[in-house]
Amino acid sequence: MRQLPATSRRVAAVAVSVVLLGGAAACGPEKSGDSKGSGADGAPQKGGTLTVLNRQPQKQFDPARLYTSGGGNVPSLVFRTLTTRHRANGAEGTKVVPDLATDTGRPSDDAKTWTFTLKDGLKYEDGSPITTADIKYGIERSFAPELSGGAPYLRDWLVGGENYQGIYKEKKGLDSIETPDAKTIVFHLRKPEGDFPYVATQTQFAPVPKAKDTGAKYAEHPVSSGPYKVVKNVNDGEHLTLDRNPNWSEETDKERHAYPDTIDVQAGLNSAVINQRLSTGQGADAAAITTDNNLGPAELAQVTGDKKLASRVGTGHFGYTNYLAFNPKAKPFDNPKVRQAIAYAINRTSVVNAAGGSSLAEPATTFLPNQKSFGYTPYDHFPAGATGNPEKAKELLKEAGYENGLEITLTHSTAQDFETSPEIATAIQAALKQAGITVKLQGLEFNDYDEKVHKLSTQPDLFLAHWGADWPSGGPFLAPIFDGRQIVKDASNYNTAQLDDSKVNDEIDAINKLTDHAEAAKRWGALDRTVGEQALTVPLFHPVYKRLYGKDVKNVVISDWTGVLDISQVSVK
Amino acid sequence: MSLYFLRRALGAVLVLLVISVVVYAIFYVAPGDPAKLACGPRCNPEQLRQVREQLGLNDPVYVQYWHFLQGIFVGHDYSTGTGTMHCDAPCFGLSYQNNQQVTDLIAERLPATLSLSVGVVVLWLLLGVGIGLLAVVRRGGLLERALIWLSLAGTATPVFVSGLALMMLFCAYLEWLPFPSYVPLTDDPEQWAWNMLLPWVTLALLGASIYARMTRSSMLETLAEDHVRTFRAYGVSERAIIGKHALRGAVAPIVAMTAADFGSLIGGTMLTETMFGLPGVGQMLVRSVQTVDLPVVVAVVMLIGAAVVVANIIGDTLYALADRRVALR
């Protein structure tokens, strides 16, 4: 799962606490407004410099080490991959489309073998041709422990991937990746994986020329296959400058537009400062965007009150669910009636308010995000209504033998990230009190929380959790959480309910064989609905992202794949 | 005199060694697994094992610490996968997060931290001594009370409040200054100064008040002494008494304090750097603590320790030079 690192959560928390100060000034005069309106209209043109103001520095810039959904934001400007995400607004943007390859892959052998062919005329920034051997090499180096950090799928899926130690130690490479010629590449998987085209959007599928590989130092000068090349990367990814790659051709790349001549990424900034700079739009900030900084509840209230500013807010949805997780093997949660009672007692209105209000969170009753590409199938097995049903909860508790009430502990983090943070826990505590359940809160520092909840031996019995999509499909959303074979003993475990149900496992295998995404989505939706009956989790809410952009920014495209304004589409002229 | 410095230098080395041991010890009881954090979420067990091996986390703690000491005195060779990277002594190892040499990371960030600290110290002295002096000249008046109140407010306001307030006023509302973004002094001295102005003022406000109060009280103390009364009796002008005699009495403690504070400032710039997004050592320390990046944390903490120790030695020396009653022994 791609998730924001702990740092950004904490920085955000600090920023939110001082945001009221910022809000007052946000209503000040907009001197350089030039009554241009939103700036988002008009035909996009080439030229100019786009500034990116971010919290998180781009610490990793090696395609092997990046953990991205669909290739990432800034990295996707430099690294092209076999396939990529469709750069379109909303649901259309959840589609996977060809990038370096001519199509999204041709499955055979029950989707256990995938073949891709490269387009003609593909070149690196130095003009040398891109070959399939470079893609194979790029994947094989991503297995090296020096270059760890990427998503686990290649290791889990490729034949021989499990114990492979990377091309530096095992120079023979992986037999499961064949390159019969410079244009063809064939992948052999351990089991059918209908979602393989989606995984091929990740940066591990970017070509790396062996002659230019400098191992752990490659991130300093990665060789570009995309529309921009890195000309400056200082202070550990805090200041990146990208210029046009003269050897990139629009002919071979239908997805990236590359309107600006230069992209200037400034990171390591304070959240409130980013939002203030975007709102003021002084100098280069007028042509600025952010790819990782949301508007907080207080900031959003200020922005909404100003029409001009409100027109410069991009709204994005990223497949993500915040939920309450049980350990169904521990008392009293081993009793399904207790779990159901808690599900009935939840007051989603107060939870949504704690998460920043209805503009920043949508109530959830399904584990899958409320988007079609995931296979969203509405259900509400334990209808709590908008504000909870404590009577029904009491009834169930009585049946479970707890007519005199119940005392439980809820573990959360102290990160103040509006996800696993104290305010959400407090909202739940208040709702459960109505049903006669006394909740003791246990707040843990974020690293401590993260380590404890993902380790079987230390996992709390009831805790706040969240899960995000590596790509917009039901597979990466449901399998790590509910597939019994994904219970991990020696590393981070995400199947925290420790569900190992052969029916569920078999259905996951069966759906993975499907290569028709729409057909698979339907089945994922049905599976979600079935698993939901067991009340192993209580879905709470899906977050909504609101981000400001500068007044000279045009061609704003926000897909439901990333929920972020797509940097490759932006024009500043 | 030379014996004095030798003894102080040995003491400094000892202090730094103790600091490194303490940081190592804290690191091993603190939550967070660096291998997991470097390996990414959902890293599978086999890969986690390989990463742990590669980072040397499987060795016992004392072996890891021994390697760390070795690196400092004789340097270290690391594999990049495609070749070998030599890390010259003093080598503080590689960042767990991105395999970069810690000494390079620090060297890259030291200019921003030094830019901030030097500017702040200059402002402290100018503002602090200036206000202190003014308060003494106008003692008993409304101005003195106002200045004392203002300096109290300065000490009491945290950097993340005053920094944000100043930024909102001067950058967003009045648009007199750019939103600070670090420009190296060597690239463009003018832009460097404009961009550093707000961070300087923010941090200086916090310390200047302490200097103002100290200048004022030292001077008032001197003014109450017998020899000043004698000067007055001889008809020496008030201007000369304050400017020559009282100020001289305040110089020694201020010089000593400045030197010591300059050392601890390197550590205290964390909040200001984070607030203004300055790529300094303090900001890196905050981030490295959160990602359990031990080599970076140990190196930065030792650097801060060294700065404090050296600054203290300089402070003591200057104090002795300014006040001939004090001898260095």
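Mentor: Start with helix 15 of chain A. Its buried residues are covered by elements that include strand 17 (462-468), helix 16 (502-512) and helix 17 (517-532) of chain A. Keep in mind that this is a predicted model.

Trainee: How many residues of helix 15 of chain A are buried?

Mentor: 8 of its 9 residues, so the helix (residues 474-482) is mostly covered, because a residue is buried if 20 or more other C-beta atoms lie within 10 Å of its own.

Trainee: Which ones are buried in helix 15 of chain A?

Mentor: The buried ones are A:Gly474, A:Gly475, A:Pro476, A:Phe477, A:Leu478, A:Ala479, A:Ile481 and A:Phe482.

Trainee: On to the core. Which residues touch the most other members of the largest nonpolar core?

Mentor: A:Ala345, A:Val351 and A:Ile428 do. That core has 229 residues. As a general point, nonpolar side chains tend to be buried together in soluble globular proteins.

Trainee: What is A:Val351 in contact with, leaving aside neighbours within four places in sequence?

Mentor: A:Ile346, A:Ile424, A:Ala427, A:Ile428, A:Leu540 and A:Phe541. Note that A:Ile428 is another of the residues that touch the most other core members.

Trainee: And A:Ser359, where is that found?

Mentor: In the loop between helix 11 (348-354) and strand 14 (361-363) of chain A.

Trainee: Why does A:Ser359 count as partly exposed?

Mentor: Because A:Ser359 has 16 C-beta neighbours inside 10 Å. The cut-offs are 20 or more for buried and 12 or fewer for exposed, with partly exposed in between.

Trainee: What does A:Ser359 contact, beyond its neighbours within four places in sequence?

Mentor: A:Leu300, A:Val544 and A:Lys546. Look at A:Pro543 too: its C-alpha atom is 8.9 Å from that of A:Ser359, although the two are 184 residues apart along the chain.

Trainee: Helix packing next. At what angle do helix 10 and helix 12 of chain A pack?

Mentor: About 170°, with the axes 8 Å apart. Helix 10 covers residues 336-345 and helix 12 covers residues 390-399. So helix 10 of chain A is roughly antiparallel to helix 12 of chain A.

Trainee: Which residues make that contact?

Mentor: From helix 10 of chain A, they are A:Lys337, A:Val338, A:Gln340, A:Ala341, A:Tyr344 and A:Ala345. Helix 12 of chain A gives A:Pro390, A:Lys392, A:Ala393, A:Leu396, A:Leu397 and A:Glu399. The contact divides into 8 nonpolar, 1 polar and 3 charged residues. A:Ala345 already came up among the residues that touch the most other core members.

Trainee: Sheets now. What is the strand order in the open sheet of chain A?

Mentor: 8-9-10-1-11, five strands with mixed pairing. Strand 8 and strand 11 (288-289) are the edge strands, each pairing on one side only.

Trainee: How many bridges join strand 8 to strand 9 of chain A?

Mentor: 6, and the two strands run antiparallel. Strand 8 is residues 228-234 and strand 9 is residues 239-244. A:Lys229 stands opposite A:Asp243 in strand 9 of chain A. The hairpin has 4 residues between the strands, and A:Asn235 takes a positive phi near 50° there.

Trainee: What does A:Asp243 stand opposite in strand 10 of chain A?

Mentor: A:Thr262. Strand 9 and strand 10 (residues 262-266) of chain A pair in the antiparallel sense over 5 bridges.

Trainee: And strand 1 with strand 10 of chain A: parallel or antiparallel?

Mentor: Parallel, with 5 bridges. Strand 1 of chain A is residues 49-53. A:Thr51 has A:Asp264 as its bridge partner in strand 10 of chain A.

Trainee: How do strand 1 and strand 2 of chain B run?

Mentor: Antiparallel, joined by 4 bridges. B:Tyr78 stands opposite B:Met85 in strand 2 of chain B. In their hairpin, which has 4 residues between the strands, B:Gly81 takes a positive phi near 100°.

Trainee: Last topic. How many residues of chain B are in contact with chain A?

Mentor: 50, and they are in contact with 60 residues of chain A. Elements of chain B that give two or more residues to that side include helix 5 (102-137) and helix 7 (159-173). The chain B side divides into 21 nonpolar, 20 polar and 9 charged residues.

How values were computed
Residues are numbered from 1 along each chain as its sequence is written. Chains are lettered from A and ligands numbered from 1 in the order in which they are written. This is a predicted model: local features need pLDDT of at least 70, side-chain atom pairs count only at pLDDT 80 or more; totals for chains, interfaces and linings use all residues. A nonpolar core is a set of buried Ala, Val, Leu, Ile, Met, Phe, Trp, Tyr and Cys residues joined through C-beta atoms within 7 Å. Two residues are in contact if their C-beta atoms, placed from the backbone, lie within 7 Å. Ala, Val, Leu, Ile, Met, Phe, Trp, Tyr, Cys and Pro count as nonpolar, Asp, Glu, Lys and Arg as charged, and the others, Gly among them, as polar. Axes are lines fitted to C-alpha atoms, for helices over the stretch in contact, and angles run from 0 to 180 degrees between N-to-C directions. Angles under 35 degrees count as roughly parallel, over 145 as roughly antiparallel, 65 to 115 as roughly perpendicular and the rest as oblique. Two strands pair if DSSP finds at least two bridges between them.
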